[in-house]
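Here is a note for a colleague who is opening this structure for the first time. The points below go from the whole chain to single residues and pairs.

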Amino acid sequence: MRFLIVYILFFFSINLIGQQTNSQVNIIGFVYDAETDQPLPYATITLQSFNNNNFSGGVTNNKGGFDIDISPGKYKLTVEFLSFEPFVINVINIDQDIDLGQIELNQNFENLEEVELNTSKNIVEYKFDKKIYYASKDIANVGGNAITVLENTPSVRLDNTGSISIRGNKAIILVNGKPFGSQDGSSDVLSLIPSNSISKIEIISPSAKYDAEGGGGIVNIVLKKGKGQGYTGTIEIHGGIPNNDGISTFISYKSDKINVYSTASFNHTVKIKKSQLDQEYYNSLDIPSGSLNEKREDERQKNSFLFNIGSDFTIDKNNTITTSVMYSLANKNYDSDLLLKDFDADDDLIQTNDRNVLDNTDEHFLEALLNYTTLFDLENHKLSFDIKYLSSHSDNITDIYNNITIPTSILTQQQSTKLQHLTTYLFYIDYQIPITENGLLETGLKTNVRRYKNDFQYTNFNTVTRVFEPISGYKNDIDYNENIYAIYAKFSKQINSFNYSLGLRTEFTKTKINELNSEQITNSYTKFFPSINLGYTLKNESLLSFNYTRIVDRPQVAELNPFTSISDERFIFTGNPFLQPYYTNFFVLEYYQEFSKLSFSTGFFYSSSTNQIRYIIENTGEQTPDNFDIFVRKPINDGNLNQYGLDFNFTYTPTNHLRFRWYVSPYYFDISNTLDNAYDYDDFVVYSNLVGDYRFSNGLKFQLNYTLQSPKKTAITKLETIQFLNASISKDLFNKKATLTFRANDILNTRTGDFESFEANTFTHLNWRFDSQYLLSFTYRFNKASRRNSHNRSKDTDKEIFELDDEIK
């Protein structure tokens, strides 16, 4: 027995000596893109020994991390990634485990002769709770604006009204993580943001942390802030046919304590739209009573200016103040020429009207933000305060000239004026603290106060007195107040490869409408919005995630306003002050996997909405002075909407020069329980976008972008197939300091719309098209930043290692 004990002690002693003799130390860290703050997978880590000149090392994983075991000694460390400046530590003494933390690499625009395309990870990246589209790396966005970027963002859709949605549901729009623009017309303001100031688009899964409005997801537009010490910037000039001329600049300055960044842009655009409208009218017995033929051409001219300046001021390592101010103004001149021909039931011409509509609008928008963030000693423990002010003002004058030639010659003129002003005050408090192992608790408060005022009047020009006289019943003066108070709590935790978060948001909403000659209408309600996010990383680094959230769609101001606008005495759009919000339960299951040349994601989504908002057209029973029926279009709460669908994202890179990206989403919708079941319907729709990129050996880049939407039907409407093909080509110049890009939209001239409807005893057929667009853009990048180059970084790192060695000794 004693012999056995001595043997065991001897055996362990020999093993211990052997372990000490062959002991290794561990070096870990992460490699990130300094501009986008995103991990760089497959970066190369090289360690060259000073003792025997041997090399060792490895590559980073999909999260940009590395973990290398080496023998103790003195080394030269080099971190490299294609098209980035290398990170070098000339001398590093390693005699114990070391964590190098986050190493940031800067892109090399001047010295590297690129011959390869960026991989799929450089364009679209998938994470547990969001998808990231690196807009600044896509040539299709050059010379465009934020709307252009969103149109090129996978899974984001914009309709012809400017509404932005994801998977058939309204999206929340953020800029740098904060609400942006006004509830109405935010797409107009987005169109003023130049694409060269946008770094990336984040599509974030809905959760209790964000506003309950917008269930498809959160679209966060991340603007550039500049990286590295000193000055950096770009200037972009473009011109196009039809007129699309402009200039934009982005400049930033960064020091140890402050980072200042600014964008300025001016644009002049003209869009030509041609359309034809045919309407057939029927009486209550479905007997034809007349028809209308309208040919229309719209010239939409817009001049716009935007200036934005922001700053990050670092008080100390734990406290930062962020400020930003954005101001924009725009002038819109829409000139419409219409030829209207009315026929009786026997198809005899009874009236011809050569109408001209001059629609002029001046818009002003101001946004100011103040943020204070404090970090505590514990990682991920922080508190932030935000105050935001938004103000938008619109002044519109529309002149309508009618030249009736049949049956008799009559000249008339009407004018509408509309003044709108919207003011929004936002206040946030967000707090997060780690609790338990790998757990994080987030909570916060939000106050949103909105004040909207609209003054509308419709007048007729008196040819005798030579003044405009108000038309009875066409005067509107409205004040709308909306207060939303919200509180949320969200708990997230990671358990090995499994992530989950549970959240609950409570919102109290109070609205008040004061309308001229009407009684005050108030509404208040408190609602709860739970959210669940689950994620699992499989052994092959693929991702599986599930998301559930409950959302609300509140009526927009224009939908609540009893009188919004009128450009035709036969057709009136009116809001509904008694409109109620409607609620949706939204579910998404997604899977993502990546191979050497192929990456793909697939998702199944389902949403269920009750008492949705939809539009109806009714015959008012009244007639114009020349005996034509007057119709009104208004929103109501009516029916349920269920949507089921799939979406697929594929990225295939067969060679270093060629890449394909394909997004396709087939979905089914079912509308039920509508008024008298008259609008019940179900249909199957497919949306698809295919992008091909090719890079020639001389650096020339070429892209084709094809979009298709299959026909879409409801009980009363039908929208035919929409498809179009865009092309882009670009070339870097002056040692990669400049880029020349040419883009052609709708090169086959197929982007047309064909719409049919039958409602209020009226059959309508509308066909429209926009002219093809061509754009030439020149971008120049300047950089006077003294980045943290390899020598400076090496010196700093050597000092840290030497100090560590001294502590060990």
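1. A residue counts as buried under 20% relative accessible area, as exposed over 50%, and as partly exposed in between. F595 has a relative accessible area of 43%, so F595 is partly exposed. The model is predicted.

2. The chain as a whole holds six helices and 45 strands. Of its 809 residues, 49% are buried. Its accessible surface is about 38800 Å², and carbon and sulfur atoms hold 55% of that. Among contacts with a separation of 6 or more, 64% are between residues 24 or more positions apart.

3. Aromatic pairs come next; the whole structure has 21 of them. In one of them, the ring centres of Y389 and Y425 are 5.5 Å apart with the planes at 50°, so this pair is tilted. Y389 belongs to strand 22 (residues 382–406) and Y425 to strand 23 (residues 410–434), so the pair ties together parts 36 residues apart in sequence. Y389 is partly exposed at 29% relative accessibility, and Y425 is partly exposed at 44%.

4. The rings of F595 and F600 are stacked, because their planes are at 20°, with the centres 6.4 Å apart. F595 and F600 also belong to a cluster linked by ring pairs, together with Y591, F648, F650 and W662.

5. A search of the whole structure gives 22 salt bridges. One of them joins R505 to D211, with the closest N and O atoms 3.2 Å apart. This pair links distant parts of the chain, 294 residues apart: R505 is in strand 26 (residues 498–515), and D211 is in the loop between strand 14 (198–204) and strand 15. R505 is buried at 3% relative accessible area, whereas D211 is partly exposed at 27%.

6. K388 and E367 form a salt bridge at 3.3 Å, N to O. K388 is in strand 22 and E367 in strand 21 (residues 349–375), so the bridge ties together parts 21 residues apart in sequence. Are these two residues buried or exposed? K388 is buried at 4% relative accessibility, and E367 is buried at 6%.

7. A salt bridge between the side chains of R614 and D638 has an N to O distance of 2.4 Å. R614 lies in strand 33 (residues 613–623), and D638 in the loop between strand 34 (629–637) and strand 35 (640–655), so the pair ties together parts 24 residues apart in sequence. R614 is buried at 11% relative accessibility, and D638 is buried at 8%. Elsewhere, salt bridges with shared partners join D211, E213, K446, R505, E507 and R554 into one network.

8. N220 is in strand 15 (residues 217–223) and is buried, at 5% relative accessibility. Its side chain reaches the backbone nitrogen of N176 at 3.3 Å. Leaving out residues up to four places away in sequence, N220 touches L174, V175, N176, G177, K200, I201, E202 and I204.

9. Strand 38 (701–709), strand 42 (738–745) and strand 45 (773–783) each give two or more residues to the patch. L704 is in strand 38 and is partly exposed, at 35% relative accessible area.

10. G473, in strand 25 (residues 467–495), is exposed, with a relative accessible area of 57%. Its C-alpha atom is 8.8 Å from that of Y458, which is 15 residues away along the chain.

Technical notes. Residues numbered from 1 in each chain as written. Predicted model: local features only at pLDDT ≥ 70, side-chain atom pairs only at ≥ 80, totals over all residues. Heavy atoms only, no water. Helix = DSSP H or I, 4+ residues; strand = E, 2+ residues; numbered from the N terminus. Buried < 20%, exposed > 50% of the residue type's maximum accessible area, 1.4 Å probe, protein only. Polar contact = N/O pair within 3.5 Å; in protein donor to acceptor, adjacent residues only side chain to side chain. Contact = heavy atoms within 4.5 Å. Areas by Shrake-Rupley, 256 points an atom, 1.4 Å probe, with all protein chains shown as cover. Phe/Tyr/Trp six-rings, centres within 6.5 Å; stacked < 30°, edge-to-face > 60°. Salt bridge = Lys/Arg side-chain N within 4 Å of Asp/Glu carboxyl O.
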